[in-house]
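Take a moment with the sequence and the model. The tour starts at one residue and widens to the whole chain.

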Amino acid sequence: MFSFKQFTIHQDLCGMKVGTDGVLLGAWASGKGLRILDIGTGTGLIALMMAQRFPQSQVTAIDIDTNACQQARENVQASPFFERIRVIESKIQDFKEGSFDTIVSNPPFFMDSLKNPDAARLTARHTDELPYRDLFLSVKRLLTETGEFSAIIPSDYLERFITESCISGFFVSRRYGIRTVPKKAIKRYLLTFTKRQAEKTDYQEVTLMDKEGKRSQWYQKLTDNFYIR
C-alpha cells in the first residue's frame, strides 16, 4: 500500500508497483481539455493523479491485465475522484471510444532484454503486447488535433521512441531529461508530443535529489500536492 495526500494505492494484484516514473508522469503531464486517457494504467496511479490535478476532467484508464483493472477499480472507488474515472480492460489497439484531449502513458519499454518470468510484470514492462509503433498509431487515432500525448521513457530507449513518433507524424513539444542526482547521467526522459509542430520545444534537464540527498526544489514543487511529507 502507498498513501498519497488525497488517495491510497493498493498494489498487491499488479505486476508493476508504484514507482518514481509513474509519479513523475502523473505530476508533470499536461492536462489540456476535459477528456484524458491513461494507457496501461496498472494500479490507476497516473489516472488518479490526473483526476486530482484537473478537477473538470473525465479520465478513462485502460489496461490489458484483468488483475490490474480490478486493482485500479478498487483504488478509484476508494478515492474522492471515483465519479470521474472509469477503468476499462482493453488493448489500446482495439480501443475505439471517442477522442481525447490528453493521453498519458508509462509504456512498456524493454525490447531486446531477457524476459521476466513473472507474467504480469512481463506484460507491464516488455513491448511484446504494445510495440512503440502500435502505441503511436493508437495515440494518433485517439488524440484530438490540438491534443497532447505525454510519456516517460528510460534514456536508453529515447532514440527509438522519438523515431517512432516521427514516423507516425508527431512532434516533440516538451522534453525533460531527468537526473537522479547531480553529475549523474540522465536516466529517464519526460516527453510530450503533439500533431502540430510547436514554435519552440521546451527542453530542460532537471534533478530529483540534491547534494544532501533531499528532493530537489524542482521535484519537491512538482510533487508537493501528492507526497505526504
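**A walk through the model**

Gln71 is found in helix H3. Helices (H or I, at least four residues) and strands (E, at least two) are DSSP runs, numbered from the N terminus. This is a predicted model, where local features need pLDDT of at least 70, side-chain atom pairs count only at pLDDT 80 or more, and totals for chains, interfaces and linings use all residues. Residues are numbered from 1 along each chain as its sequence is written, and side-chain values use heavy atoms, with hydrogens and water left out.

Is Gln71 buried or exposed? Gln71 has a relative accessible area of 1%, so it is buried. Buried means under 20% relative accessible area, exposed over 50%, and partly exposed in between (1.4 Å probe, protein chains only). Now look at what surrounds Gln71. Setting aside residues up to four places away in sequence, Gln71 touches His10, Gln11, Asp12, Leu13, Cys14 and Thr43. Contact here means heavy atoms within 4.5 Å. His10 is 61 residues from Gln71 in sequence, yet their C-alpha atoms are 7.1 Å apart in space.

Next comes the nonpolar interior. A nonpolar core is a set of buried Ala, Val, Leu, Ile, Met, Phe, Trp, Tyr and Cys residues joined through side-chain atoms within 4.5 Å. The largest one has 38 residues, and Phe4, Phe7, Leu24, Leu45, Ile85 and Leu190 touch the most other members. Several elements each supply at least two of its residues, including helix H1 (20–28), helix H2 (45–53), helix H3 (66–77) and strand E8 (171–179). Which element gives the largest share? That is H2, with 7 residues.

Phe7 shows how such a residue is placed. Beyond its neighbours within four places in sequence, Phe7 is in contact with Phe2, Leu45, Leu48, Met49, Gln52, Ser79, Phe81 and Phe226. Another core lies apart from the largest one. This other core has 28 residues, among them Ile62, Leu135, Ile162 and Leu191.

Two members of that other core, Ile62 and Leu135, also touch Ile39. Ile39 lies in strand E3 (residues 35–39). Its relative accessibility is 4%, so Ile39 counts as buried. Not counting residues up to four places away in sequence, the contacts of Ile39 also include Ile92, Ile103, Val104, Leu130 and Val139. Asp134 is 95 residues from Ile39 in sequence and 12 Å away in space, C-alpha to C-alpha.

Ser216 lies in the loop between strand E10 (202–207) and H7. Its relative accessible area is 9%, so Ser216 is buried. Leaving aside neighbours within four places in sequence, Ser216 is in contact with Thr207, Leu208, Met209 and Asp210. Lys183 lies in the loop between E8 and strand E9 (186–194). At 83% relative accessibility, Lys183 counts as exposed. Lys183 is not a glycine, yet its phi is positive, at about 75 degrees.

Now step back to the whole chain. There are 7 helices and 10 strands. The chain has a radius of gyration of 17 Å, close to the 17 Å that the globule rule gives for 229 residues, so it is as compact as a globular protein of that length. The radius is taken over C-alpha atoms, and the rule is 2.2 Å times the number of residues to the power 0.38. Of the 229 residues, 50% count as buried. Among contacts with a separation of 6 or more, residues 24 or more positions apart account for 70%.
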